[in-house]
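Good morning, and thank you for coming. Please look at the sequence and the structure as I put them on the screen.

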Amino acid sequence: TDEVGDIVKNGRRGSLTGDLIVKGIQGHVAYPHLARNPVHSAMAALDELAKSHWDNGNDFFPPTSFQISNIHAGTGAGNVIPGELHVCFNFRFSTEVTDQILIERVTAILDAHELEYEIKWTFNGQPFLTDTGALLEATQGAIEAVKGTPTVLSTAGGTSDGRFIAPTGAQVIELGPVNATIHKIDECVKMSDLEQLADMYFGILERLLAK
């Protein structure tokens with residue numbers, strides 16, 4: 001966001017993390033025939049995962065994305081073939097797929113490359129969406145009353161605590177300060193943003209309670 005109220009989150013993508021260990025056989029780099037390098041073994045599979053098309057997204061969500069966030073192998077020595085390769089990756093997925101579909105597709109790719117591996121899945125939340133409803137209408141009206149301009153609806157970005165509320169059937173809308181410094185050492189917000197937000201929140205309550 002560039003200024004408070006210019007974007008409202010009316011949904012979030014799902015999140016699924018995989019912790020993959022590809023097994024090899026540790027050995028000396030001068031005797032590769034006595035070892036099995038898991039880095040070499042996994043390269044083609046990881047390349048296929050990175051290049052895979054998971055879905056096309058839809059009117060509310062961008063296409064599902066796959067990103068490797070951490071990768072590590074070896075002892076630190078330059079002459080030792082590692083015995084294991086550790087890879088951590090994450091999906092941010094739309095409502096066009098489910099966590100189970102993604103797990104099945106990843107497993108199929110790993111198996112097709114005949115890897116010896118272990119994988120642990122961490123499910124962080126399903127995608128959710130509030131595309132209509134009284135809360136959304138009240139939020140849009142309150143923002144326009146304070147700013148004089150309409151807001152833009154978005155489902156981009158990371159997960160949020162809304163993923164715990166949405167399964168109850170509640171409408172979930174996220175409106176807060178500008179996140180330009182989110183998770184940075186000097187994370188901060190403008191006092192003027194908080195004042196505008198207070199006016200927006202008051203306007204939302206007025207509209208909801210008047211119904």
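Let me begin with a term: a salt bridge is a side-chain nitrogen of Lys or Arg within 4 Å of a carboxyl oxygen of Asp or Glu. By this rule, the count here is six salt bridges.

A word on the source. This is a predicted model, in which local features need pLDDT of at least 70 and side-chain atom pairs count only at pLDDT 80 or more, while totals for chains, interfaces and linings use all residues. Residues are numbered from 1 along each chain as its sequence is written, and side-chain values use heavy atoms, with hydrogens and water left out.

Consider one of the bridges, in which the side chains of Lys23 and Glu84 meet at 3.0 Å, N to O. Lys23 belongs to strand S3 (residues 14-23) and Glu84 to strand S7 (residues 84-93), so this pair ties together parts that are 61 residues apart in sequence. Strands here are DSSP runs (E, at least two residues), and helices are runs of H or I (at least four), numbered from the N terminus.

Is Lys51 buried or exposed? Lys51 counts as exposed, at 64% relative accessibility, whereas Asp47 is partly exposed at 36%. Buried means under 20% relative accessible area, exposed over 50%, and partly exposed in between, with a 1.4 Å probe and protein chains only.
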